[in-house]
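Hello,

Here is the structure I promised to pass on to you. Have a look at it first, and then read on for what turned up.

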Amino acid sequence: MRDSQIYSSRFAALEGEPLDVVIVGGGIIGAGIARGAVLRGLRVALFEKRDFGSGTTAGSTRLIHGGLRYLEMLDFRLVRMDLRERETLLRIAPHLVRPLEFIMPFYRSSFFYRAKMRIGMRLYDLLSYDKSLPRHRFLSASELKEIEPNLRQQGLQGAAVYFDAQANSPERLCLENIIDAREHGAYTFNYTEVTGASLEGGNIKSVRVRDLLSDDETEVAIKSRIVINASGAWFDRVAGTLSKRASEQIRTTKGVHITCPPVTNRAVVVFAPIDGRLMLVIPWL
Ligand SMILES: Cc1cc2nc3c(=O)[nH]c(=O)nc-3n(C[C@H](O)[C@H](O)[C@H](O)COP(=O)(O)OP(=O)(O)OC[C@H]3O[C@@H](n4cnc5c(N)ncnc54)[C@H](O)[C@@H]3O)c2cc1C
């Protein structure tokens, strides 16, 4: 590695004074941070080892939701923050983020469960008091049958109806953040892996990057005042690489997506009869 000399023309603009922020990872989080930081006048570079948005961002369920589920954990702050972000995205990216109506049917549920749902729905509306989306409502079993005839009728008591939003293509949302960040002066590189860092007194002074588009395996040092690890599921690996200490902060979750012809007219939330696991039936494209 040549520490002071920037050899590759791809990184030539990063030579000289340290950057304000280096971001590791070009998923939706890294892209959003890059845009946010450059709009606040900071000198920013972002490095993504594959293509922008190709990680978990491309594999998500594509919902822009307030996190109705987090209400069960009583994390009101998180839900409020997510609901505010949902509203912001509906406003600034209406070509990518659209309202989506959800139906949550009740099957042979107890009075207590339905009361909990009513409280939850009311809270979800309260926490999004400034939203542009319609408020929740409840449907009787017969009203539900009319609009969603494919739902199992046996034991059906009715449903809650509420709104969240959907981004058909979070990859595009990610890319538009990258493009806007670039237009405001951020340096963004895909196919560039962050492979290590130089530390001084425990603080990162520069990161090492490798241009994966080039046959040259030389690594280049990029100086920065702040390094943000936005590598998502790779967080611990990247943190370990940067700090040279093992990191165990991430607990990953797994979801399965099955694509099939439409079975419902709207998005439907159901729970697996075997173990109560959450299943979402979502229209896409
Ligand atoms: C099954 C499932 C469904 C989900 N559904 C939703 C949903 O509907 N709505 C929602 O809001 N969220 C959803 N999520 C969560 C959401 O997908 C993630 O929170 C989000 O995509 C994370 O974005 P990110 O930018 O942190 O990670 P990523 O998109 O994974 O980006 C991290 C990037 O870091 C890069 N990287 C890693 N190591 C390096 C390195 N050394 N150098 C350079 N780059 C590196 C990777 O290549 C990757 O592109 C879901 C998650 C899962 C698992």
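Let me begin with a pocket. Strand 4 (97–107), strand 11 (267–271) and strand 12 (278–281) each contribute at least two residues to the lining of the second largest pocket. Strand 11 provides the largest share of that lining, with 4 residues. Please keep in mind that this is a predicted model.

The volume of the second largest pocket is about 350 Å³. Its lining is made up of 17 residues, and those closest to the centre are Pro105, Tyr107, Arg152, Val270 and Phe271. Sorted by class, the lining of this pocket has 13 nonpolar residues, 3 polar ones and 1 charged one.

Next, the ligand. There are 28 residues around the ligand, and Glu48, Thr56, Thr57, Thr61 and Leu63 come nearest. In this shell, 14 residues are polar, 9 are nonpolar and 5 are charged. Helix 1 (28–39) and strand 8 (192–200) each supply at least two residues of the shell, and strand 8 gives the most, with 3 residues.

- Threonine 56 has a polar backbone atom 2.8 Å from an oxygen atom of the ligand.
- Arginine 62 places a backbone N or O atom 3.2 Å from an oxygen atom of the ligand.
- Leucine 63 has a backbone N or O atom 2.7 Å from a nitrogen atom of the ligand.

How much of the ligand does the protein bury? Taken alone, the ligand exposes 1,000 Å², and the protein buries 81% of that.

Last come the charged pairs. Side chains of opposite charge can pair when their charged atoms come close. The structure holds 14 salt bridges. One of the pairs to look at is aspartate 180 with arginine 35, which form a salt bridge whose closest N and O atoms are 2.7 Å apart. Aspartate 180 sits in helix 5 (residues 170–183) and arginine 35 in helix 1, so this pair ties together parts that are 145 residues apart in sequence.

Enjoy exploring!

Best wishes

Terms used: Residues numbered from 1 in each chain as written. Predicted model: local features only at pLDDT ≥ 70, side-chain atom pairs only at ≥ 80, totals over all residues. Heavy atoms only, no water. 1 Å grid on protein atoms, 1.4 Å probe; cavity = no way out; pocket = protein on both sides within 12 Å on 5 of 7 lines; lining within 4 Å. Points joined across faces, edges and corners; volume = space filled by probe spheres on them. Nonpolar A, V, L, I, M, F, W, Y, C, P; charged D, E, K, R; others polar. Near = heavy atom within 4 Å. Polar contact = N/O pair within 3.5 Å; in protein donor to acceptor, adjacent residues only side chain to side chain. Areas by Shrake-Rupley, 256 points an atom, 1.4 Å probe, with all protein chains shown as cover. Salt bridge = Lys/Arg side-chain N within 4 Å of Asp/Glu carboxyl O.
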